[in-house]
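Work through the exercises below with the coordinates open. Try each task before reading its solution.

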Amino acid sequence: MKRTLTLLILLVTLTPAIAQKKLLPGFVRRMLFDKDSTRRSSFFLLPVLGSAPETGVEVGGSALYSFYTDTAHKNTRVSNIFGYATITTKGQERTSLSTSYWAPQNAWHYIAAVSFINFPSDFYGIGDNTLKANQDHMGQKRFKVNFEADKNLGSGIYLGVVAGGFNYSFNDKDPGGIFDTDPRVEFRNGGATAFIGPSLIYDTRNNNTYTTKGMVITSYFNLMKGLFGNNSYQGGFFNIEYAQFFKLNKRFVLGLDIQDQNLTGAQSPFYLMPALGSDEMMRGYYNGRYRDRNLVAGQTELRYRLSDRIGVVGFVGTGTVFNQAFSFNKLKPNYGGGLRYFFDVEKGLSVRMDYGFGEKPAGEQRQSGLYLGLGESF
């Protein structure tokens, strides 16, 4: 639920007087400006405007239905059903339908999603020092389904299971480039894979959409097995992420976020390798410019609420990918800032605009990117 931003919201954020003059339809004014503390459900059907270095400008449509499964207990977290369909200026297409469902009093948390992407992108090789000169354009299609169920064991501890499957297919649009010639690129044609594994979460956040205090540690391990023509692949993927939030005063919140990802097993399908750069972590890097078997990254973000509706943030971070041995002198920089607009104050739902900066490789321009998204980065 973190990929879209509505053009309509951005426009009225900059010109709130439009609503006061009743130039907008009544349902739009209610959707964007009414403050509701009744914990009732809400529905948003909106156009999409997005941006990231790997997509360019992204446009389409989205629908978000948010609700509480238990309105009598204020500790029950907000659930949602979210769907979108988009196209980008780089010839990419994405569709997705997902849900995050919190049972009454958070006894269970269910996550489910089905998605398809037709996503031509650039491949630069494997490792933490790839060159822009090796840029190789490839076609990519992926279908994915996943499901997660986590049981609340008390004291903020959730134990669960993650399962699903995906199918990747690739073709090299620039034959003879590094995608074809680098021997480290395994399973370059893609393939189908099923996965299943345990998840363990420790979560003491006071809010799952806009957190001001508490922490969450999320970990899972996926056992993966190739299917059909890709049935020789066997491996695993481990992820652990720690985030903690400190309420410095009524308007300031400091967030810390650290993530580690590891591809396990003897084989290394290139498309399963952790990749540096996204709209959530290491903003400013083209997603996939640096990829390898292991990733470690961290960031801190200072958030300031100018009002109930408007917020600003500044962030700094660092991270890298590596094959076997981690080295501190390989860490890459990351910094930037952004704006927030809270379109549902009671539920803490926001849209965001961030600009991130990364390293400046020798002989290249400094890496950077604009991100427009729905929800906080972490």
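The exercises cover ring pairs, salt bridges, strand pairing and a surface patch.

The model is predicted: local features need pLDDT of at least 70, side-chain atom pairs count only at pLDDT 80 or more, and totals for chains, interfaces and linings use all residues. Residues are numbered from 1 along each chain as its sequence is written, and side-chain values use heavy atoms, with hydrogens and water left out.

**Exercise 1. Classify the ring pairs Y101–Y110 and Y210–F342.**

Step 1: Rings of Phe, Tyr and Trp (its six-membered ring) pair if their centres lie within 6.5 Å; planes under 30 degrees apart are stacked, over 60 edge-to-face, and the rest tilted. The whole structure holds 29 aromatic pairs.

Step 2: apply them. Y101 and Y110 have ring centres 6.2 Å apart and planes at 45°, so this pair is tilted. For Y210 and F342 the centres are 5.1 Å apart and the planes at 90°, so this pair is edge-to-face.

Step 3: Strands (E, at least two residues) are DSSP runs, numbered from the N terminus. Y210 lies in the loop between strand 9 (190-203) and strand 10 (214-227), and F342 in strand 15 (residues 332-344), so the pair ties together parts 132 residues apart in sequence.

Step 4: check exposure. Buried means under 20% relative accessible area, exposed over 50%, partly exposed in between (1.4 Å probe, protein chains only). Y101 is partly exposed at 33%, and Y110 is partly exposed at 29%. Y210 is buried at 10%; F342 is buried at 1%.

**Exercise 2. Describe the surroundings of R303.**

Step 1: A salt bridge puts a side-chain nitrogen of Lys or Arg within 4 Å of a carboxyl oxygen of Asp or Glu. R303 meets E376 in such a bridge, at 3.7 Å from N to O.

Step 2: locate both ends. E376 lies in the segment after strand 17 (368-374) and R303 in strand 13 (residues 294-305), so the pair ties together parts 73 residues apart in sequence. E376 is buried at 4% relative accessibility, and R303 is buried at 2%.

Step 3: look for a ring. A charge sits over a ring if NZ of Lys or CZ of Arg is within 6 Å of the ring centre and within 35 degrees of the ring normal. The charged end of R303 sits over F378, 4.8 Å from the ring centre.

Step 4: widen the view. D354 and R352 form a salt bridge with their closest N and O atoms 3.0 Å apart. Shared partners join D279, R283, E301, R303, R340, R352, D354 and E376 into one network.

**Exercise 3. Trace the pairing of strand 8 with strand 7 and with strand 9.**

Step 1: apply the rule. Two strands pair if DSSP finds at least two bridges between them.

Step 2: read off the bridges. Strand 7 and strand 8 (residues 157-172) run antiparallel, joined by 16 bridges. Strand 8 and strand 9 also run antiparallel, joined by 13 bridges.

Step 3: pick out partners. R142 stands opposite Y168 in strand 8. N167 has A192 in strand 9 as its bridge partner.

Step 4: inspect the turn. The hairpin of strand 7 and strand 8 has 2 residues between the strands, and S155 takes a positive phi near 60° there.

Conventions: Helix = DSSP H or I, 4+ residues; strand = E, 2+ residues; numbered from the N terminus.
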